[in-house]
Each structure stands twice: as structure tokens, then as C-alpha cells.
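Visitor: Could you walk me through reading this fold, one feature at a time?

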Amino acid sequence: MLRACIGRFQHVVTPLLPPLSACPISRPPPLRNMSEAKKEEAKGLTDSEAREACGEPDASTKDFIFQQTMFRIKDPRVSLDFYTRVLGMRLLKKLDFPSMKFSLFFMGFEKAEDIPSDPADCTAWTFSRKATLELTHNWGTENDPEQSYHNGNKPPQGFGHIGLAVPDVYKACERFKELKVPFVKEPDAGKMKGLAFIQDPDGYWIEILSPKPMAAIGK
């Protein structure tokens, strides 16, 4: 009975419908990617907004310094060679923690004659230096072929890079090429010319810049 009623209904209605060829099809415009739309709408802080967001440093912080950045490293032999021979840093202090099976290597741009010979004095002196690099080695990682560290530049992004100022970016990069250092960006690649990004043995990014040419960016 239901099938018969449907048949009669189709018989009545169908002639009233125009053929599809007679109906113009209106296609909606393609949707923009939402992330692209948000990027177009997003704006950074103005100079005045940035200044207004900053507070005046408290007097109690006048002797604070930026002392260290820490990288976890897979193989200390490889990393120590890179940061000393390739980048020109020195090993300022090594600290071992046998009960927790890790070691710390503090690197910096200091003169060899300034490093104290007394172990305790050297430790205190090391922690008074500005902008040192603390390389952390968890014992045994160098023997694990599956072990690696996230460099912060792959999703999910977080940490970006450290930066080194050199007298001449191009000369420094020619030497890095000779030493087979991997590049993320060569000096004249991309939109920002005159600066480069290299990678250390664990894949961490290092910006190579020269102060005077950077002045053009701040105009």
C-alpha cells in the first residue's frame, strides 16, 4: 500500500520539476583556510604598546644577569668538539652527578687564563659568567641509536635558537661550510639577508649575525 502511494505521488510531482539542465548551479566561493584568515587579521604590538606592556625593573633585580641556556646533548664528545673547535667556546666547568647519572658542561667565550684553577673557585666563577651554554648529558644516550632531542623548531614549536655575533657573517659561514656544518639558512637565502642559521650536532639552531648589518632591521 505504501509503495503504491509513493508511486502515485512521484507520478504527480515529477512533471512539475524542471529538468536539471535548465537549473543554473550556483557554486559557493571556496572557503579560505581558517589559519590563513587568522594570520591576515593578526597584528603585532606597536612600539608604544610594547613599551606600555613593560614594567620598570625592580631595584632588587639590579644585580641579576642572564647566566645560562641549557641544551640536552646526545654525545658529549661530539658536542664538546663542535662548541670548542667549530664555534670557539671554551669548557669553563664540568660537573658530574653519579647518583643521577648525568654530567653538565658549561661553555662560554672566556679567556683560558681567566678560568680559576681551584675547583671551588672555578665553580663560583662559572656561575658568575654571562650567557653561558649548559650542555647536559644523560649518561648512555650516546649509545642509543634511537635517542634524539626535539630542537623546538618542529611541531609542536617552542624553543627557537641561540645566536652568536661574529665580525663577518660571510667569512664565518665559509669556514662552517668547509667544516661540513649543516645550514638551516645561508646568509643570502630567504628574505632576511646577511644572517645565517646553522645546526649543532643535536640539531639545535644557532643564528649567526653581525651587529652592524643588523642595524638596518631596526630602522
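Visitor: Which residues of helix α4 are buried?

Guide: Buried means under 20% relative accessible area (1.4 Å probe, protein chains only). In α4, residues 76–86, these are P76, S79, L80, F82, Y83 and V86. Helices are DSSP runs (H or I, at least four residues), strands likewise (E, at least two), numbered from the N terminus. This is a predicted model, where local features need pLDDT of at least 70 and side-chain atom pairs pLDDT 80 or more, while totals for chains, interfaces and linings use all residues. Residues are numbered from 1 along each chain as its sequence is written, and side-chain values use heavy atoms, leaving out hydrogens and water.

Visitor: What caps the N-terminal end of α4?

Guide: D75 does, with a side-chain oxygen 3.1 Å from the backbone nitrogen of R77. Just after the helix, G88 has a positive phi of about 90 degrees.

Visitor: What is the strand order in the open sheet?

Guide: Strands pair if DSSP finds at least two bridges between them. Here 4 strands run β1-β4-β3-β2, with mixed pairing. β1 (68–73) and β2 (90–97) are at the edges with a single partner strand each, so one side of each has no neighbour in the sheet. β3 (residues 102–108) and β4 (residues 132–138) pair in the antiparallel sense over 6 bridges, and M107 stands opposite L133 in β4.

Visitor: Which strands does α4 lie across?

Guide: Contact means heavy atoms within 4.5 Å; angles, from 0 to 180 degrees, are between N-to-C directions of lines fitted to C-alpha atoms, for helices over the stretch in contact. α4 lies across β1, β2, β3 and β4, at about 5 degrees to β3. Helix α5 (residues 119–126) also packs on the sheet, touching β2, β3 and β4, and its direction makes about 110 degrees with that of β2.

Definitions and conventions. Buried < 20%, exposed > 50% of the residue type's maximum accessible area, 1.4 Å probe, protein only. Polar contact = N/O pair within 3.5 Å; in protein donor to acceptor, adjacent residues only side chain to side chain.
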